[in-house]
Amino acid sequence: MSIRVFRYIGMALAAALLLTLTSCVDEEEYPDTPQGNMEALWKIIDEHYCFLDYKKGVYGLDWQAVYNKYKVRANDKMTNAQLFEVLTGMLSELRDGHVNLSTSFDYGRNWSWFENYPANVSDTLLRRYLGTDYKMAAGLNYCIFDDNIGYIRYESFLDDFGDGNLDDALAYMLLCRGLIIDIRGNGGGDLVNAEKLAARFTNEKTLVGYVQHKTGPGHSDFSSMEPRYLEPSSRLRWQKPVCVLTNRKVFSAANEFTMYMKTLPLVTIVGDHTGGGSGMPFSSSLPNGWGVRFSAVPMYDADGRSCEFGIAPDVEVQLTDEDFLRGKDTIIEAARKLLSK
């Protein structure tokens, strides 16, 4: 089997990163057997996954010990379902929402980044706050609250929007005293959308983070950190305070958006810790044709820290049962108070 790595659409650097990654591809062949597939999967992660050293430091991940643990579980008498269970168990040791195993009968995933935490968002309450006459601009739903606070609900960075959509939404709320951007439950999508939205809230080129490239099969084989900048939009830009609402389901491109916004002076992150997902994912395949996706390119915040396990809010707020029963969203109300000062 040749380990073939394909591009993940998400940012302009993808093509260059792909060339970097494929330059160190291992052409070793593995048989299409349960043991062969396990060996191939372990090797892909061992040589191309970008957080092995980082996670060893954070929670003691020992990828060689993981190999020893799972190699005895793969045998030629296994069914595909049993092999899938073993391989997804091995991948779950990485604790990464960007790591997935794709088959025709199931999709292996790790959702521990949000499953073990409070939701801190309610569709029932969101419908109440938006009402029935809110405005819609592509993937953006928006309205103005009765205290003259603007509100934008953006559920997924997979939902594209144009510059005209943002111009119209921001112009509509131009006289508001502040703006709430609610991305709770946003599991990510296209980084281009994250950058396009964040660019409306800065007036100058701003350092928002760093990126590294894998340069070899070793766990620590990386290029030096390259800076990433957010360029201000040439269109209408917001000049007043902003609160970005987050919870544990904010992941991947939404996590990156939170990271961008956290660097800006008029922005406050309100709510719960985000879910993380700061590795740019790529894909490969096993001898039996199953697909595997994994984090291949690490990205860091403006201080050079990994946000793989999420970003802490500036103001931590939890949705309370008492407020829910009163029809109030504790996190939205906390943001309204901050913006009303």
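Guide: Let us begin with R95, which lies over the face of Y59, 3.7 Å from the ring centre. Please bear in mind that the model is predicted.

Visitor: What makes R95 count as lying over the face of Y59?
Guide: A charge over a ring must be within 6 Å of the ring centre, and also within 35 degrees of the ring normal. R95 is at 3.7 Å from the centre of the Y59 ring and lies over its face.

Visitor: Which residue lies over the face of W238?
Guide: K240 does, at 5.9 Å from the ring centre. The cut-off for that distance is 6 Å.

Visitor: Which residues form one aromatic cluster with Y59?
Guide: The cluster consists of Y49, F51, Y54, Y59 and F309.

Visitor: How many aromatic pairs does a search of the whole structure find?
Guide: The search finds 18 aromatic pairs. One of them joins F84 and W290.

Visitor: Why is the pair of F84 and W290 called edge-to-face?
Guide: The ring centres are 6.2 Å apart, and rings pair if their centres lie within 6.5 Å. The planes stand at 80°, and planes over 60 degrees apart count as edge-to-face. The pair is therefore edge-to-face.

Visitor: What makes this a link between distant parts of the chain?
Guide: F84 belongs to helix α5 (residues 80-92), whereas W290 is in the loop between β11 (279-285) and β12 (291-301). The two residues are 206 residues apart.

Visitor: Are F84 and W290 buried or exposed?
Guide: Buried means under 20% relative accessible area. F84 has 8% relative accessibility, so F84 counts as buried. W290 has 8% relative accessibility, so W290 counts as buried.

Visitor: How do you know how the rings of W113 and F114 are arranged?
Guide: Their centres lie 4.7 Å apart, with 70° between the planes, and the pair is edge-to-face. W113 counts as buried because its relative accessibility is 13%. F114 has a relative accessible area of 17%, so F114 is buried.

Visitor: Is N37 buried or exposed?
Guide: N37, found in helix α2 (residues 34-48), has a relative accessibility of 1% and therefore counts as buried. In space N37 is 6.1 Å from P287, C-alpha to C-alpha, while 250 residues separate the two in sequence.

Visitor: How many cavities of 30 Å³ or more are found in the whole structure?
Guide: The search finds 1 cavity. The largest cavity holds about 70 Å³ of space. Of the 12 residues that line it, the closest to its centre are H98, L191, S252, P281 and M299.

Visitor: Which element gives the most to the lining of the largest cavity?
Guide: Strand β11 does, with 3 residues. Both α10 (253-262) and β11 supply at least two residues of the lining. By kind, the lining divides into 6 nonpolar, 5 polar and 1 charged.

Visitor: Why is the protein chain called as compact as a globular protein of its length?
Guide: The chain has 12 helices and 13 strands. Its radius of gyration is 22 Å, close to the 20 Å that the globule rule gives for 341 residues, so the description applies. The C-alpha atoms fill a box of roughly 65 × 45 × 35 Å along the principal axes.

Visitor: What share of the 341 residues is buried?
Guide: Buried residues make up 53% of the chain.

Terms used
Residues numbered from 1 in each chain as written. Predicted model: local features only at pLDDT ≥ 70, side-chain atom pairs only at ≥ 80, totals over all residues. Heavy atoms only, no water. Phe/Tyr/Trp six-rings, centres within 6.5 Å; stacked < 30°, edge-to-face > 60°. Helix = DSSP H or I, 4+ residues; strand = E, 2+ residues; numbered from the N terminus. Buried < 20%, exposed > 50% of the residue type's maximum accessible area, 1.4 Å probe, protein only. 1 Å grid on protein atoms, 1.4 Å probe; cavity = no way out; pocket = protein on both sides within 12 Å on 5 of 7 lines; lining within 4 Å. Points joined across faces, edges and corners; volume = space filled by probe spheres on them. Nonpolar A, V, L, I, M, F, W, Y, C, P; charged D, E, K, R; others polar. Rg over C-alpha atoms; globule rule 2.2 N^0.38 Å.
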